[in-house]
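Keep the viewer open while reading.

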Amino acid sequence: MALSDESLVAGMASGDAEAAAAFVRRFQARVFGLALSVVGDTGLAEEVAQEAFVRVWRHAATYDPRRGRVATWLLTITRNLAVDAIRLRHKHRADPEPLLRALQPVAAEDPFETDPYGSDQLRAGLQALPLEQSRPIVMSVFYGLTAKEIADREGIPLGTVKTRIRRGLAKLRHELGVSDD
């Protein structure tokens, strides 16, 4: 007779290695499949799946069956770890400095100095902003970082980041002649 999911978690909470092995065998395909569908990379999905099972092992004693099924709990942990892995991967690539340097004035002899699509105007508008406003706008708009991620990266309060983005965008709209209607 197969043990229930809850019994396996209870066994893991008491340190039963056999219960842990049975739990992994039961859920490994679903956990890996979910991780792979989120991260899109086999190696990273394996790491996420392994970390999900380690988390369940460590926190098995905190599982409360009244709050949901074991599978739901495990797959939520997996999804959160996969999303964190994606964010971490993007965080390492999201360096706004090259884009901020690209926003510097273009040399007069540059044949691409004018752009019919308005990027010169955007560049000028961003340059007109104080760095503490243009930097979070670039990190948010061009690199897709959340205000929380920017706050963590810059070491400043979340509210400060939100205020800088809001004020910077308002100045930028004014500079570009865009109404707030």
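The model discussed here is predicted.

**Helix packing**

Helix α7 spans residues 131–141 and helix α9 spans residues 158–176. They pack at an angle of about 95 degrees, with their axes 8 Å apart. That angle falls in the 65 to 115 range, so α7 and α9 are roughly perpendicular to each other. On the α7 side, the contact is made by E132, Q133, P136, I137 and S140. On the α9 side, V161, R164, I165, R167, G168, L169 and K171 take part.

**The chain as a whole**

The chain has nine helices and zero strands. Its pattern along the sequence is therefore plain to write: α-α-α-α-α-α-α-α-α. Of the 181 residues, 29% count as buried. The chain exposes about 11400 Å², and carbon and sulfur atoms supply 53% of that area. Among contacts between residues at least 6 apart in sequence, 58% join residues at least 24 apart.

**Salt bridges**

How many salt bridges are there in the count? The count comes to five. Three of them are tabulated here.

| Pair | N to O distance | Relative accessible area |
|---|---|---|
| E51 and R55 | 3.3 Å | E51 27%; R55 32% |
| E154 and R135 | 3.0 Å | E154 29%; R135 18% |
| K148 and D152 | 3.0 Å | K148 47%; D152 45% |

E51 and R55 are four residues apart in helix α3, so about one helical turn separates them.

Is R135 buried or exposed? R135 counts as buried, because its 18% is under the 20% cut-off. E154 counts as partly exposed.

K148 and D152 both lie in helix α8. They are four residues apart, about one turn of the helix. K148 counts as partly exposed, and D152 does too.

**More on helix α8**

Helix α8 covers residues 147–154. Its buried residues are E149, I150 and A151. G155 follows α8, and the phi of G155 is positive, near 70 degrees.

T78 sits in helix α4, residues 70–93. With 0% relative accessibility, T78 counts as buried. Which residues does T78 touch, not counting those up to four places away in sequence? They are V31, L34, A35, V48 and A52.

A60 lies in the loop between α3 and α4. A60 counts as buried, because its 4% relative accessibility is under 20%. Leaving aside neighbours within four places in sequence, A60 is in contact with V9, M12, A13 and W73. A60 and E6 are 54 residues apart in sequence. In space, their C-alpha atoms are 9.7 Å apart.

**A nonpolar surface patch**

L122, V141 and F142 form a nonpolar patch on the surface. Together they have about 260 Å² of accessible area. L122 is found in helix α6, residues 119–128. With a relative accessible area of 30%, L122 is partly exposed.

Key: Residues are numbered from 1 along each chain as its sequence is written. This is a predicted model: local features need pLDDT of at least 70, side-chain atom pairs count only at pLDDT 80 or more; totals for chains, interfaces and linings use all residues. Side-chain values use heavy atoms; hydrogens and water are left out. Patches are made of residues with over 30% relative accessible area and no salt bridge: like charges are joined within 9 Å, nonpolar side chains (Val, Leu, Ile, Met, Phe, Trp, Tyr) within 5 Å. Accessible areas come from the Shrake-Rupley method with a 1.4 Å probe; for residues, only the protein chains shown count as cover. A salt bridge is a side-chain nitrogen of Lys or Arg within 4 Å of a carboxyl oxygen of Asp or Glu. Helices (H or I, at least four residues) and strands (E, at least two) are DSSP runs, numbered from the N terminus. Buried means under 20% relative accessible area, exposed over 50%, partly exposed in between (1.4 Å probe, protein chains only). Contact means heavy atoms within 4.5 Å. Axes are lines fitted to C-alpha atoms, for helices over the stretch in contact, and angles run from 0 to 180 degrees between N-to-C directions. Angles under 35 degrees count as roughly parallel, over 145 as roughly antiparallel, 65 to 115 as roughly perpendicular and the rest as oblique.
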